[in-house]
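Trainee: I have a new structure to read. Please take me through it one feature at a time.

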Amino acid sequence: MVVVIATVVIKDNEGRVLLVKENGLWAIPGGKVEKGERVVEAAEREIREETGYFVEIMGLARIYELRKGEDYHLFFVFRAKIGEKLVEANLESEWFELEEIESLNSYPETYLLLKNLEEKYPEPAKYPFKIHFYF
């Protein structure tokens, strides 16, 4: 099955990245695109639900694919400016420096994505599964 995921990278004025804690792991905020929903709408909704913040999507930063078991996940990674926190968050969130993220209990692709986000054509990553970065 193909699962489409919308995620959003948000940095503050000091360059720290906002992550959320879900199932004991830190991750870039985001989630599955619901039936009939545009990918960018899913990104905005997921940020609002998970962090309580409203965001302004600035653009698409990266697309990558990841195979997990029988499922094939296609991730759309957006960049956004953070707005006001107007609703209650569903998840714990915190700001982290990139160097801190490497040692966090997080999904392996979280640090790899953030580390390579500025590279135009990053190499596929093989830890512990193949991640193909595009765009």
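Trainee: Is Glu34 buried or partly exposed?

Mentor: Buried means under 20% relative accessible area, exposed means over 50%, and partly exposed lies in between (1.4 Å probe, protein chains only). Glu34 is partly exposed because its relative accessible area is 47%. Bear in mind that this is a predicted model: local features need pLDDT of at least 70, side-chain atom pairs count only at pLDDT 80 or more, and totals for chains, interfaces and linings use all residues. Residues are numbered from 1 along each chain as its sequence is written, and side-chain values use heavy atoms, leaving out hydrogens and water.

Trainee: Which side chain meets Glu34 in a salt bridge?

Mentor: A salt bridge puts a side-chain nitrogen of Lys or Arg within 4 Å of a carboxyl oxygen of Asp or Glu. Glu34 meets Arg45 this way, at 3.6 Å from N to O. The two belong to distant parts of the chain, 11 residues apart: Arg45 sits in helix 1 (residues 39–51), Glu34 in the loop between strand 4 and helix 1. Helices (H or I, at least four residues) and strands (E, at least two) are DSSP runs, numbered from the N terminus. Arg45 counts as buried, since its relative accessibility is 10%.

Trainee: Which other residue forms a salt bridge with Arg45?

Mentor: Glu46 does, with the closest N and O atoms 3.0 Å apart. Glu46 is buried, at 9% relative accessible area. Shared partners join Glu34, Glu37, Arg45, Glu46 and Glu49 into one network.

Trainee: How many salt bridges does the structure hold?

Mentor: It holds 8. Another of them joins Asp12 to Arg16, with 2.6 Å between the closest N and O atoms. Asp12 is buried at 18%, whereas Arg16 is partly exposed at 26%.

Trainee: Now the strands. Which way do strand 1 and strand 6 run, parallel or antiparallel?

Mentor: Two strands pair if DSSP finds at least two bridges between them. Strand 1 and strand 6 run parallel, joined by 9 bridges. One example is Val9, whose bridge partner in strand 6 is Arg79. Strand 1 also pairs with strand 4 (residues 30–32), in the antiparallel sense over 3 bridges. There, Thr7 has Gly30 as its bridge partner. Strand 1 (residues 2–10) is mostly covered, with 7 of its 9 residues buried.

Trainee: Which residues have the most contacts inside the largest nonpolar core?

Mentor: Nonpolar side chains tend to be buried together in soluble globular proteins. A nonpolar core is a set of buried Ala, Val, Leu, Ile, Met, Phe, Trp, Tyr and Cys residues joined through side-chain atoms within 4.5 Å. The largest here has 18 residues, and Val9, Leu19, Ile101 and Leu114 have the most contacts inside it. Strand 1, strand 2 (17–22), strand 5 (53–68), strand 6 and helix 3 each give it two or more residues. Apart from it lies another core, of 15 residues, including Val8 and Ala42.

Trainee: How many residues of helix 3 are buried?

Mentor: Helix 3 (residues 108–116) has 7 of its 9 residues buried. Among them are Tyr111, Leu112 and Leu114.

Trainee: Which residues make the nonpolar surface patch?

Mentor: Patches take residues with over 30% relative accessible area and no salt bridge; like charges are joined within 9 Å, nonpolar side chains (Val, Leu, Ile, Met, Phe, Trp, Tyr) within 5 Å. Areas come from the Shrake-Rupley method with a 1.4 Å probe; for residues, only the protein chains shown count as cover. Phe54, Leu86 and Val87 make a patch of about 250 Å². Leu86 lies in the loop between strand 6 (71–85) and strand 7 (92–96). Leu86 counts as exposed because its relative accessibility is 54%.
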